[in-house]
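Morning, everyone. Let me put the model up on the screen, and then I'll walk you through it piece by piece.

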Amino acid sequence: MKVYEIANLIENVAPLTLAEEWDNVGLLIGDKSCEISGVLVCLDLTNGAIDYCINNNCNMIITHHPAIFEPLKKITYCDYIGNLVAKCIKNNINVYSAHTNMDMSEEGINFEIGKLLGVQANRFLSDGLGIYGEYNGDLDKLLLNLQEITKESCPKIYIAKDGKNHKKQNIAFISGSGGRIDEVVKRVKELNIATFISSELKHNIIIELLAQDVNVIQIGHFESEIIFVEIIFKLFENKISNLYKYVSLN
């Protein structure tokens, strides 16, 4: 299988057209016609991920977060990103990233979390960021389910005044940094959301949501998106013999 064939399979699930304008997705390093010897799936391009590839005869890395985000003016070993790029080029490793297109895909991160939580997910924001749906259970059950899915050991939980009384509730989930926060707060009001789940929420936003009687569950950015690895792995597990998962921050 060649790089472009892998790219096509991913883009059938998460077309590049779904990505935000500011994003950088697709093949970022390498040759689309290169024959693949093995694939590593991870959240971020790191030295550890590259070393794993080298040690396991993999010449392609699929990441969620794009390592090359801002334009590169130079590639040097003393620069963190430059070193990663140079190391991949030196070892003939192709790098492909599926970021906000995978966030917004109905077969991507947010909808998969919704499915595993047991909600009939709808798009949360008008342009596709996040999901919401009805959850038939209390807050304790929701927390246990969320921890099992995301492997988040210590989520931060902010319970609104009447937040424990919801037995059947609308919940919203946005992976990563939480999207455009002004739109988030507006949609929470419009959709009568009882519990909002995301990461990296600012203190004033948490206070505002609690004032609207909305429970807030804040999990880690890494934990909110790590399911990406499983989604991509399942996409290729019967198509590539040398396929590996890398679920480390470094």
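Let's start in the sheet, where Thr63 stands opposite Ser97 in E4. Before I go on, a word on what you're looking at: this is a predicted model, where local features need pLDDT of at least 70, side-chain atom pairs count only at pLDDT 80 or more, and totals for chains, interfaces and linings use all residues. Residues are numbered from 1 along each chain as its sequence is written, and side-chain values use heavy atoms, with hydrogens and water left out.

When I say helix or strand, I mean DSSP runs, numbered from the N terminus: helices are H or I with at least four residues, strands are E with at least two. And two strands pair if DSSP finds at least two bridges between them.

Back to that sheet. E3 and E4 run parallel, joined by four bridges. How many strands form the open sheet, and in what order? Five, in the order E1-E4-E3-E2-E11, with mixed pairing. E1 and E11 (243–246) are the edge strands, each pairing on one side only. From one strand to the next, the twist averages 25°. Then there's H10, which packs on the sheet and touches E2, E3 and E11, its direction making about 175° with that of E11. For angles like these, axes are lines fitted to C-alpha atoms, for helices over the stretch in contact, and the angles run from 0 to 180 degrees between N-to-C directions.

Buried, by the way, is under 20% relative accessible area, exposed is over 50%, and partly exposed is in between, using a 1.4 Å probe and protein chains only. Seven of the ten residues of H10 are buried, so the helix is largely enclosed by the rest of the structure. Those buried residues are Ile227, Phe228, Val229, Ile231, Ile232, Phe233 and Phe236.

Now over to H1, residues 3–13. Its buried residues are Val3, Ile6, Ala7, Ile10 and Val13.

Next, a helix pair. H2 and H3 (residues 80–90) pack at an angle of about 10°, with their axes 10 Å apart. They are therefore roughly parallel to each other; the cut-offs are under 35 degrees for roughly parallel, over 145 for roughly antiparallel, 65 to 115 for roughly perpendicular, and oblique for the rest. On the H2 side you've got Asn47, Ile50, Asp51 and Ile54, meeting Tyr80, Asn83, Leu84, Lys87 and Cys88 in H3. By class, that contact has five nonpolar, two polar and two charged residues. The nonpolar set is Ala, Val, Leu, Ile, Met, Phe, Trp, Tyr, Cys and Pro, the charged set is Asp, Glu, Lys and Arg, and the others, Gly among them, are polar.

There's some antiparallel pairing to look at too. E5 (residues 122–123) and E6 (residues 131–136) are joined by two bridges, and Arg123 has Ile131 in E6 as its bridge partner. E6 also pairs with E8 (residues 168–173), again antiparallel, over six bridges. One place to look there is Tyr135, whose bridge partner in E8 is Gln169.

Now a few single residues. Is His65 buried or exposed? It's buried, with a relative accessible area of 16%, and it lies in the loop between E3 and H3. Not counting residues up to four places away in sequence, His65 touches Leu43, Asp44, Ser97, His99, His221 and Glu225.

Lys189, in H7, is exposed at 54% relative accessible area. Leaving aside neighbours within four places in sequence, Lys189 is in contact with Glu208 and Gln212.

Last, some backbone angles. Most residues other than glycine have a negative phi. Asn57, though, has a positive phi near 55°; it sits in the loop between H2 and E3 and is exposed at 52%. Lys151 also has a positive phi, about 60°, in the loop between H6 and E7, and at 62% relative accessibility Lys151 counts as exposed.

Methods. Contact = heavy atoms within 4.5 Å.
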